[in-house]
Amino acid sequence: MASNEPTELSKAEKSVIEQESGSDFEEENEDWDDWGEDDDNEDGENDKPFVCLFSDSQFSSCCELFEHCRLIHKFDFDVIRKELGLDFYGSFKLINYVRSQVAENRCWSCGLACQSHQDLQNHLHETVKLKDIKPLWDDEKYLKPVMQDDPLLYSFNDDEEGEDNHMTPDDQEELVKYLRNIDEMCIEDTDTLKKSAHGYGFFEQNGAKEVASSSSSHENVENSSKMEMRNGDSEELVGSSDGKPSHKHSKASIMNLLDKDIKKANENYFGAYSSFGIHREMISDKVRMNAYSQAILKNPSLMTGAVVMDVGCGTGILSLFAAKTGASRVIAIEASEKMASVATQIAKENGLWRCTEGNNQYTGVMEVVQGMVEEIDKSIQIEPHSVDVLLSEWMGYCLLYETMLSSVLFARDKWLKPGGAILPDTASIYAAGFGRGGTSIPFWEEVYGFNMSCVGKELVQDAAKFPIVDVVDEKDLVTDAVLLQAFDLTTMKPDEVDFTASIELEPKSIRLANNSTELSSETTWCYGVVLWFDTGFTPRFCKETTSILSTSPYTPKTHWSQTIFTFNEPIAMAPGKPCADKSAAVGTDACPASRIHLRISIARAVEHRSIDISIETSGVDLDGRKRCWPVQMFNLS
């Protein structure tokens, strides 16, 4: 570390480095819980040392600690707070997040898992794109202190009197004291609408949940708008009307600050569906309409006499199909006030409206309920587990964008009869590598006789930062398609909407005249991965006629298109070509990869109805040599 320091240091820098050097002689396995034992004397708490985020070094003030972290560990707390505009809560979470990662010998910014603490110290680096990693700690689980009696948590803000700081030091200390005594944090949803807005972990591992929005090291559990934290008796951490926290049940939760963002996102989301243009696009999508009409209209044994619920009915077209097929009652739920009114009028004009109130008696079977499915109890009473068939066209880009699947699962668990049908009942995400033709490079190489390839190259570089929704031609795929993730909508749990999966992409095989295949020794370049989805109406419920809705590049295009993720650099692939230069990096022309290994994570983002996607890429050559590229993080919003 010393060799990386400047030759001349200020007194403050020398002091910091001297303290770092002295810490090396401390016992490695020292139990910090011993020195951090609870002390009922509050005045004594201020004398506790501040422990470095990355080592065992101790400091008398948080200023000295952060200066040490800046100089030694390349972690500039003040710059991070300023650049990201972190308030007290955001800063509080950041400190706990960093401590949690360091405890697992993981880099807090890139997620790299190191073999030892020393390896982690050698690896620590400056972070350039802070905004890309901010979601990693924007999670209520990091309100729980990682280190018991951590004085840093209620001291870092002492000198800050900025506009965004709505908490007094006493309030901050009260919050920390409360959290410090929590043995278990339970994040619960009393409002499932809020539940659908936030990310979940992917799978249990040693009691922790692995995150999808970055590499495997990062964690992201559900962000609940109301958080109940239990320690014996149930209590709620709340905030007062002036923005200051208080420990009282009668006031709104401090987490209600998220409610406004969720409400605004919902208003924008459902407002967008008030446009007739988007409904015309969906109804004009023949692949979509053929799949649903076939599943509903051509399965009379399923629909005749059934009670049907349609979640997110829009114009009501699926509900109209169900009513036409012989359903005894169709409950069409639509959150957009305008579209609920339109669906009602359409049902009336087609003689399918059901209403027995007032002077107007409509004897049809269809009724439209305006509101989000999680809230319709306010306007209509539906007997639990009384629905025979649950319908919904909930899919978004990359299948999971819009996070509407959570609402469908909510309706399933609350109203669908045991053994009832859900349409569609399966969903699958597929992946394949795409080549140069799937980028914008070919277009810009020849523009009316002029070479503008520099534009195409820049666009490809920009594409490595953002997902692109577009149609990919099957001829531009350079690998075989593989299944990334499959969902069974009848049994899946709500937290399984978020997942991490590993796949391997191999170059397309050459099909010979006798219909056999062989591997090619020619080098192809894979520029990224494209994702698409299928949903199935299987024989489990559709006994007369099954159907599949596919958004694959191999089938007619749909309004969903495909979702494209571009690598930071193209990867050379040739399954039958050995490495000509052992010193060359895998994935180059001199040493093409025989296969590409991808670890892909998809999770609901902090931003309501968006999703985060992380992609970890590695190439393997014929000799088994492996090369890994930095994790790429995308947000689809």
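Student: Where does Pro424 lie?
Tutor: Pro424 lies in the loop between strand S15 (416-423) and strand S16 (426-434). Keep in mind that this is a predicted model.

Student: What kind of peptide bond joins Leu423 and Pro424?
Tutor: A cis one. Its omega is about -5°.

Student: Let me step back. How many helices and strands does the chain have?
Tutor: The chain has 19 helices and 28 strands.

Student: And how much of the chain is buried?
Tutor: Buried residues account for 52% of the 637 residues.

Student: What about the accessible surface of the chain?
Tutor: The surface is about 29,700 Å². Carbon and sulfur atoms hold 48% of that area.

Student: What share of the contacts joins residues 24 or more positions apart?
Tutor: Such residues make 70% of the contacts, counting those with a separation of 6 or more.

Student: Now the core. Which residues touch the most other members of the largest nonpolar core?
Tutor: Leu400, Leu531 and Ile602 do, in a core of 98 residues. Helix H17 (residues 405-415) gives this core its largest share, six residues.

Student: On to cysteines. How many disulfides does the structure hold?
Tutor: One. The disulfide joins Cys579 to Cys591, with an S to S distance of 2.4 Å.

Student: Where are Cys579 and Cys591 in the chain?
Tutor: Both sit in the loop between strand S24 (562-573) and strand S25 (595-604). They are twelve residues apart.

Student: Are Cys579 and Cys591 buried or exposed?
Tutor: Both are buried.

Student: Why is the disulfide of Cys579 and Cys591 called left-handed?
Tutor: The torsion about its S-S bond is about -130°, so the disulfide is left-handed.

Student: What is the cysteine sulfur nearest to Cys63?
Tutor: The sulfur of Cys62, 4.6 Å away. Cys63 is in no disulfide. A disulfide here needs the two sulfur atoms within 2.5 Å. As for cover, Cys63 is partly exposed, at 48% relative accessibility.

Student: And Cys454, buried or exposed?
Tutor: Cys454 is exposed, with a relative accessible area of 56%.

Student: Then Cys398, buried or exposed?
Tutor: Cys398 is buried, at 3% relative accessibility. Cys398 is found in the loop between strand S14 (387-392) and H17. Cys398 also has a positive phi of about 60°, although it is not a glycine.

Student: What phi does Lys74 have?
Tutor: A positive one, about 60°, and Lys74 is not a glycine either. Lys74 sits in the loop between H4 and H5. Its relative accessible area is 41%, so Lys74 counts as partly exposed.

Student: Tell me about H5. Which residues of helix H5 are buried?
Tutor: Phe77, Ile80, Arg81 and Leu84 are buried in H5, which spans residues 77-84. They cover an arc of only 95° around the axis, so they lie on the same side of H5.

Student: What covers the buried residues of H5?
Tutor: The cover includes helix H4 (62-73), helix H6 (88-103) and helix H8 (130-133).

Student: And what follows H5?
Tutor: Gly85, with a positive phi near 65°.

Student: How about Asp78, what is its accessibility?
Tutor: Asp78 is in helix H5. At 47% relative accessibility, Asp78 is partly exposed. Its C-alpha is 9.4 Å from that of Glu67, eleven residues away in sequence.

Student: Where does Glu126 lie?
Tutor: In the loop between helix H7 (117-123) and H8. Glu126 is exposed, at 60% relative accessibility.

Student: Why is helix H15 said to be largely enclosed?
Tutor: H15 covers residues 317-325, and seven of its nine residues are buried, so the rest of the structure largely encloses it. Among those buried are Leu318, Phe321 and Thr325. Gly326 follows H15, with a positive phi near 115°.

Student: Last one, a strand. How many residues of S19 are buried?
Tutor: Five of the seven residues in strand S19 (residues 499-505). S19 runs antiparallel to S25, and seven bridges join them. In that pairing, Ala501 stands opposite Ile600 of S25.

Definitions and conventions. Residues are numbered from 1 along each chain as its sequence is written. This is a predicted model: local features need pLDDT of at least 70, side-chain atom pairs count only at pLDDT 80 or more; totals for chains, interfaces and linings use all residues. Side-chain values use heavy atoms; hydrogens and water are left out. Helices (H or I, at least four residues) and strands (E, at least two) are DSSP runs, numbered from the N terminus. Buried means under 20% relative accessible area, exposed over 50%, partly exposed in between (1.4 Å probe, protein chains only). Contact means heavy atoms within 4.5 Å. Accessible areas come from the Shrake-Rupley method with a 1.4 Å probe; for residues, only the protein chains shown count as cover. Two strands pair if DSSP finds at least two bridges between them. The arc is that of the directions from the helix axis to the C-beta atoms. A nonpolar core is a set of buried Ala, Val, Leu, Ile, Met, Phe, Trp, Tyr and Cys residues joined through side-chain atoms within 4.5 Å.
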